[in-house]
Amino acid sequence: MEPDRIDARLLDLVQRNNRMSSEELGAKVGLSASGVQRRLKRLRSEGVIEADVSIVSPKAIGRNVTMLMLITFERTRADIVDRFKRAICRMPEVMSGFYVTGPADFVLLITANDMEDYEKFTRSLVRDNPDIERFETMVVLDRVKAGFTLPMASMARW
């Protein structure tokens, strides 16, 4: 089923606060609570809503250092890329990973307790991935904006 304007409004609301009740959501989009539940269930089953999560402050749990890491491989064969994709999905230090175009092959968003913890991570990363030619790290000085909110108004088809 093609998403409509009500779906777009629901998505906008739940991605900002997924703790709103079906009644609260319904009041904002003009549906009954059961109508909201049906739509959210459909959006989840279709994969439009990938997950319902809480965003945790890294510093509140001792993850005091955040870095962006650029990874470059000696060669970019499909098997190397696929193996690395699987590997980063298993690394708890990697918050996000992106296979990219440009001078690097991957960009990783990483957290660590401290620089010693980060050094251990990089040693294991390079040891376990011999195809890495080079990596560059940028330490985040200030997290200015963090989130996963997508702009719903830009969805022309809705």
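Q: Which residues is Val81 in contact with, leaving aside its neighbours within four places in sequence?
A: Val81 is in contact with Thr76, Tyr99 and Phe106. Contact means heavy atoms within 4.5 Å.

Q: What kind of model is this?
A: This is a predicted model, where local features need pLDDT of at least 70, side-chain atom pairs count only at pLDDT 80 or more, and totals for chains, interfaces and linings use all residues. Residues are numbered from 1 along each chain as its sequence is written, and side-chain values use heavy atoms, with hydrogens and water left out.

Q: Back to Val81. Where is Val81 found?
A: Val81 is found in helix α4, residues 78-89. Helices (H or I, at least four residues) and strands (E, at least two) are DSSP runs, numbered from the N terminus.

Q: Does Val81 count as buried or exposed?
A: Val81 counts as buried because its relative accessibility is 3%. The cut-offs are under 20% relative accessible area for buried and over 50% for exposed, with partly exposed in between (1.4 Å probe, protein chains only).

Q: How far apart in space are Gly102 and Val81?
A: They are 15 Å apart, C-alpha to C-alpha, and 21 residues apart in sequence. Gly102 lies in the loop between β2 and β3. Gly102 has a relative accessible area of 59%, so Gly102 is exposed.

Q: And Gly97, where is the place of that one?
A: Gly97 is in strand β2. Its relative accessible area is 39%, so Gly97 is partly exposed. Not counting residues up to four places away in sequence, Gly97 touches Ile88, Val107 and Leu108.

Q: New topic: helices. How are two packed helices described?
A: By the angle between their axes and the distance between the axes. Axes are lines fitted to C-alpha atoms, for helices over the stretch in contact, and angles run from 0 to 180 degrees between N-to-C directions.

Q: At what angle do the axes of α1 and α3 cross?
A: Roughly 85°. The axes of α1 (residues 5-16) and α3 (residues 33-45) come within 11 Å. The two helices are therefore roughly perpendicular to each other. Angles under 35 degrees count as roughly parallel, over 145 as roughly antiparallel, 65 to 115 as roughly perpendicular and the rest as oblique.

Q: Which residues meet there?
A: From α1, Ile6, Asp7, Leu10, Leu11 and Val14 meet Val36, Arg39, Leu40, Arg42 and Leu43 of α3. By class, this contact of α1 with α3 has seven nonpolar, no polar and three charged residues. Ala, Val, Leu, Ile, Met, Phe, Trp, Tyr, Cys and Pro count as nonpolar, Asp, Glu, Lys and Arg as charged, and the others, Gly among them, as polar.

Q: What about α2 and α3, at what angle do they pack?
A: About 95°, with their axes 8 Å apart. That makes α2 roughly perpendicular to α3. Among the residues that meet are Leu25 and Val29 in α2, and Val36 and Leu40 in α3.

Q: Last one. How many residues line the largest pocket?
A: The lining has 48 residues, and Val53, Ile55, Gly147, Phe148 and Thr149 lie nearest the pocket's centre. By class, the lining has 27 nonpolar, twelve polar and nine charged residues. A pocket, on a 1 Å grid over the protein atoms alone, is an open set of points where a 1.4 Å probe fits, with protein on both sides within 12 Å along at least five of seven lines; lining residues have an atom within 4 Å of a point.
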